[in-house]
Amino acid sequence: MKPVKFFFIYYSQDPRQKHPQHFFSPAEIGHCFSILESIGCPVSFLDLRVDRRNLDQIINTIKENPPDILLLKPATTTKDIILKIAASLKDKIRYIYCYGPTATLWPEIFLYPDSPITGCLVKEIEYTVLELAKYVAKGIDINSLEGTACFDKEKNAVSYHERELIADLDSLPLPQHSIFVDRGYSFGYPVRIYRKMK
């Protein structure tokens, strides 16, 4: 069985905002790295909050080594560039999914007739990603995958396939922390914290 190749693009904050921001390492990607590598799936990621690239640079990076599955994490403020990325790559990549709070709460932003997005991974993604890898590797119909939303052309509406929340979080492997070293993540308040703040 050929291993399924994944690529994550994380863009859930717009780094151009002037308000002070903290760029934490994305723990769910760390979990997914551990889960997917345990079954032999190669994984890469690009965090556009700390690795600033324009659209052409993003597209070229992915085209150099195209994955089987591209996973995009947008925010409402970054949805437009996420959709442009998906539209530019839809002919090169078979499966393109959005995930995260924005995709869970408002999947209709990404799922509509002729959308470049295959579907949305809703709520917790770790075990959904694991099953997605197995479905694609075995050629199983992904429209029946739990934990996803997709656009139903017959109903002309978004349809959901619910997944139970993870009951035991200790069942998840530890995140692959080594992938976050020296990538520009930080935490620090750029103000004098001993002064009164509103």
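Here are some numbered notes on this predicted model, moving from the overall layout to single residues.

1. Let me start with the layout. The protein chain contains five helices and seven strands.

2. The totals for the chain are worth a glance before the details. The protein chain has 198 residues, of which 45% count as buried. Among its contacts with a separation of 6 or more, 70% join residues 24 or more positions apart.

3. H5 covers residues 126–138, which is 13 residues. From the first C-alpha to the last, H5 reaches 19 Å, close to the 18 Å expected at 1.5 Å a residue. Just after H5 comes Gly 139, with a positive phi of about 75°.

4. What do the buried residues of H5 pack against? The buried set in H5 consists of Glu 126, Thr 128, Val 129, Leu 130, Leu 132, Ala 133, Tyr 135 and Val 136. Their partners include one helix, H1 (27–38). The strands they pack against are S1 (6–11), S3 (69–74), S4 (95–99), S5 (119–121) and S6 (148–152).

5. On the H1 side, the residues in contact are Glu 28, His 31, Cys 32, Ile 35 and Leu 36. They meet Glu 126, Tyr 127, Val 129, Leu 130 and Ala 133 of H5. By class, the residues of this contact are seven nonpolar, one polar and two charged. Glu 126, Val 129, Leu 130 and Ala 133 are also listed among the buried residues of H5.

6. From H2, the contact takes in Leu 55, Ile 58, Ile 59, Ile 62 and Lys 63; from H3, it takes in Ile 81, Lys 84, Ile 85, Ser 88 and Leu 89. The residues of the H2 and H3 contact divide into seven nonpolar, one polar and two charged.

7. As background, most residues other than glycine have a negative phi. Asp 114, in the loop between helix H4 (101–105) and S5, has a positive phi of about 65° although it is not a glycine. Asn 156 sits in the loop between S6 and strand S7 (157–161), and its phi is positive too, near 55°. Are these residues buried or exposed? Asp 114 counts as exposed because its relative accessibility is 70%, and Asn 156 is exposed with a relative accessible area of 53%.

8. Pro 42 belongs to the loop between H1 and strand S2 (43–47). With 37% relative accessibility, Pro 42 counts as partly exposed. Which residues does Pro 42 touch, leaving aside those up to four places away in sequence? They are Pro 3, Val 4, Lys 5 and Phe 6. For Lys 5, 37 residues away along the chain, the C-alpha to C-alpha separation from Pro 42 is 5.0 Å.

9. Arg 49 lies in the loop between S2 and H2. Is Arg 49 buried or exposed? Its relative accessible area is 2%, so Arg 49 is buried. Arg 49 and His 22 lie 27 residues apart in sequence, with 9.9 Å between their C-alpha atoms.

10. To finish, take a look at Leu 105 in helix H4. Leu 105 has a relative accessibility of 55% and therefore counts as exposed. The C-alpha atoms of Leu 105 and Val 122 are separated by 8.2 Å, with the two residues 17 apart along the chain.

Conventions: Residues are numbered from 1 along each chain as its sequence is written. This is a predicted model: local features need pLDDT of at least 70, side-chain atom pairs count only at pLDDT 80 or more; totals for chains, interfaces and linings use all residues. Side-chain values use heavy atoms; hydrogens and water are left out. Contact means heavy atoms within 4.5 Å. Helices (H or I, at least four residues) and strands (E, at least two) are DSSP runs, numbered from the N terminus. Ala, Val, Leu, Ile, Met, Phe, Trp, Tyr, Cys and Pro count as nonpolar, Asp, Glu, Lys and Arg as charged, and the others, Gly among them, as polar. The expected span of a helix is 1.5 Å times one less than its number of residues. Buried means under 20% relative accessible area, exposed over 50%, partly exposed in between (1.4 Å probe, protein chains only).
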